[in-house]
Amino acid sequence: MHDIDGSIMICSIQIFPSRILNRPSQPVTSFDDTLKKIVKDMIETMHAAPGVGLAAPQINVPKQIAIIEYQPKSEEEADRAKIPLTIIINPKIIHFSKDKDRLREGCLSIPGVELLVTRSKKIKLNAQSIDGQPFKIHASGFFARVIQHEIDHLNGILIIDEVKKR
Ligand code: NI
């Protein structure tokens, strides 16, 4: 799936009920060129889709890697703040606010489906950069929601499973 000459690839996105989408991903232990290539391919694939986030298992790579980027495009989306490209490796949410909201979400792996999902409005997480450096994110609103969605993917959880839980 990842070519050997180093050029960037748009990968096919795993679609429900692909089994890899329900399996927890493995932690990244080598912050090497292979990781950089996977992340580049993920960015290209997310832009092509287009999507606001992508998790590695969605391109058939069962590793704890997720990316998020959002640029409001229309007037109706203007209330959502821009999210610069954010790469999170081995992310772990360390705080979920008790304050939650319930909004519609879609997923590139479940085309044409939007479901109401309840999520914390604010979260704090620890993650690592593409070079393995640890960092923290304090996120709120739409950014917090997308992070929770992508980390669910890394735990083998889809929006249809979130809906079943509540
Ligand atoms: Ni998704």
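**Reading salt bridges and a metal site**

Author: Start with one pair. In this predicted model, R119 and E105 form a salt bridge, with the closest N and O atoms 2.8 Å apart. R119 sits in strand β5 (residues 115-120) and E105 in strand β4 (residues 100-105), so the pair ties together parts 14 residues apart in sequence. R119 and E105 are both buried.

Reader: Which residues do salt bridges that share partners join into one network?

Author: D101, E105, R119, R145, D152 and E162. The structure holds eight salt bridges.

Reader: How do I read a pair inside a helix?

Author: General idea: side chains of opposite charge can pair when their charged atoms come close. Here, K37 and D41 meet in a salt bridge at 2.7 Å, N to O. They are four residues apart in helix α1, so about one helical turn separates them.

Reader: Is D131 buried or exposed?

Author: Exposed, because its relative accessibility is 52% and the cut-off is over 50%. D131 forms a salt bridge with K36, the closest N and O atoms being 3.7 Å apart. This pair links distant parts of the chain: K36 in helix α1 (residues 33-48), D131 in the loop between β6 (122-128) and β7 (134-140), 95 residues apart. K36 is partly exposed, at 28% relative accessible area.

Reader: Which atoms coordinate the nickel ion?

Author: C107 (SG), H149 (NE2) and H153 (NE2), at 2.1 to 2.2 Å. The donor spacing in sequence is C-x41-H-x3-H. H149 and H153 lie in helix α2 (residues 141-154), four residues apart, about one turn of the helix. Both H149 and H153 are buried.

Definitions and conventions: Residues are numbered from 1 along each chain as its sequence is written. This is a predicted model: local features need pLDDT of at least 70, side-chain atom pairs count only at pLDDT 80 or more; totals for chains, interfaces and linings use all residues. Side-chain values use heavy atoms; hydrogens and water are left out. Donors are N, O and S atoms within 2.8 Å of the metal (3.2 Å for Na, K and Ca); water is not among the atoms, so sites may look incomplete. Helices (H or I, at least four residues) and strands (E, at least two) are DSSP runs, numbered from the N terminus. Buried means under 20% relative accessible area, exposed over 50%, partly exposed in between (1.4 Å probe, protein chains only). A salt bridge is a side-chain nitrogen of Lys or Arg within 4 Å of a carboxyl oxygen of Asp or Glu.
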